[in-house]
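Reader: I am new to this structure and would like to know what stands behind the words used to describe it. Could you take me through them one at a time?

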Amino acid sequence: MDLAGNYYRVKETIPPHVKLVAVSKFKPLEMIRELREKTGHQIFGENRAREFSAKASAFSEGVEWHFIGHLQTNKVKLVVPFASLVHSVDSPRLLAELDKEAAKAGNVVPVLLQFYIAREETKFGFDFREAGQMLESEQFRNFKHIRVSGVMGMASFVEDPVQVRREFSSLRNIFEKLKADYFAGDDAFREISMGMSGDYRIAIDEGSTMVRIGSLIFGER
Ligand SMILES: *Cc1c(COP(=O)(O)O)cnc(C)c1O
């Protein structure tokens, strides 16, 4: 398999202002090292806490590790020491736990708030009202060890590009409203993480600043 070739075929379709997270879940460390060596790529994404911490502790030089999956509060400890960005904060409880563990570790963890934009019922995430309540809370103002850097979402797994576009557009609107209401003048709040192998071009059209791509680079899982 031509890993570097796959990578460059994807990379050339992504504008320079959009960051590419290479999603390496279920793939061996050797493939990650190979991609790093052949292309210089630095940002990798994982969605399970144990796999994330095992890979990140084994290979960290010149690499940014992003956590992109549902995170249980009892696994936050595994993730905090290595995470350059946690894309998938889906509850106030999780955010509180991240703040607590980051405080213990003496660092500040950048996070994105995950929003529920899809039709499927299994997806995790805030809705706009819940997020607003949290951002207005006293508890939120006291968090000193997390930094909210934007939003993340996943579109429905459907063939219908109109539906997918509508969902990405709704995330973009959520980002703009949060920016205006809660993060005006905060330059750190700037990322919209949306788009995967099957839908990233639509996501970029709709304002994505970060795409998370696995199978187009590493092959099917
Ligand atoms: C697996 C995964 C991806 C990448 O999926 P592909 O379709 O392989 O590109 C992106 N985001 C999340 C949250 C994932 O779990």
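Reader: What share of the contacts in the protein chain with a separation of 6 or more comes from residues 24 or more positions apart?

Author: Contact means heavy atoms within 4.5 Å, and among the contacts in the protein chain with a separation of 6 or more, residues 24 or more positions apart account for 59%. This is a predicted model, in which local features need pLDDT of at least 70 and side-chain atom pairs count only at pLDDT 80 or more, while totals for chains, interfaces and linings use all residues. Residues are numbered from 1 along each chain as its sequence is written, and side-chain values use heavy atoms, with hydrogens and water left out.

Reader: What makes the radius of gyration of the protein chain agree with that of a compact globule?

Author: The radius is taken over C-alpha atoms, and the globule rule is 2.2 Å times the number of residues to the power 0.38. For 221 residues a compact globule would have a radius near 17 Å, and the protein chain has 17 Å, so the two agree. Along its principal axes, the C-alpha trace spans about 50 × 45 × 35 Å.

Reader: Why is asparagine 6 called buried?

Author: Buried means under 20% relative accessible area, exposed means over 50%, and partly exposed lies in between, with a 1.4 Å probe and protein chains only. Asparagine 6 has 16% relative accessibility, and therefore it counts as buried. Leaving aside neighbours within four places in sequence, asparagine 6 is in contact with Met1, Leu216 and Ile217. Over the protein chain, buried residues make up 52% of the 221 residues.

Reader: Why is phenylalanine 26 called partly exposed?

Author: Its relative accessible area is 46%, so phenylalanine 26 is partly exposed. Phenylalanine 26 also has a positive phi of about 65 degrees, although it is not a glycine.
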